[in-house]
Amino acid sequence: MFGHDGRIVTKVYQWAGTYYYFDPNTYLRVDNDYRQSQWGDWYMFGPDGRIVTRLKEWYGSYYYFDPNTYLRVDNDYRQSQWGDWYLFGGDGRVLSGLQKWAGSYYYFDPSTYLKVT
């Protein structure tokens, strides 16, 4: 990818209505990886290189990336792109089993990660 000034771009770069990450060593687009930007924040990039939003499976777990900031969500209860709600822990991973949230305890199914009522 070449920038507006004709030079090759690296790290996070906005193009065609989204953001991509280009490796500073190889200059290649990064797919399916979680990378640190030039600003210090971390972002997830999907199989087509585009920045990821909402629920994403990665390395055997699920994570949620805020659609406005693109940042990973930690310690929050969020609605996925399919309408289901999931609880995410301090490391961003979806939680299951008995969990304390907003002053109460809830149980989340270990297979579906959905709250059991």
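Author: Buried means under 20% relative accessible area, exposed means over 50%, and partly exposed lies in between (1.4 Å probe, protein chains only). This is a predicted model, where local features need pLDDT of at least 70, side-chain atom pairs count only at pLDDT 80 or more, and totals for chains, interfaces and linings use all residues. Residues are numbered from 1 along each chain as its sequence is written, and side-chain values use heavy atoms, leaving out hydrogens and water.

Reader: Why is Asp31 called partly exposed?

Author: Asp31 has a relative accessible area of 31%. That value lies between 20% and 50%, so Asp31 is partly exposed.

Reader: What makes the contact of Asp31 with Arg29 a salt bridge?

Author: A salt bridge is a side-chain nitrogen of Lys or Arg within 4 Å of a carboxyl oxygen of Asp or Glu. The closest N and O atoms of Asp31 and Arg29 are 2.7 Å apart, so the pair qualifies. The structure holds nine salt bridges.

Reader: Is Asp66 buried or exposed, and how do you know?

Author: Asp66 has a relative accessible area of 12%, which is under 20%, so Asp66 is buried.

Reader: Which residue does Asp66 meet in a salt bridge?

Author: Asp66 meets Arg78, at 3.0 Å from N to O. Asp66 lies in the loop between β6 (61–65) and β7 (76–79) and Arg78 in strand β7, so the pair ties together parts 12 residues apart in sequence. Strands are DSSP runs (E, at least two residues), numbered from the N terminus.

Reader: Why does Arg78 count as partly exposed?

Author: Its relative accessibility is 22%. Arg78 therefore falls between the 20% and 50% cut-offs.

Terms used. Helices (H or I, at least four residues) and strands (E, at least two) are DSSP runs, numbered from the N terminus.
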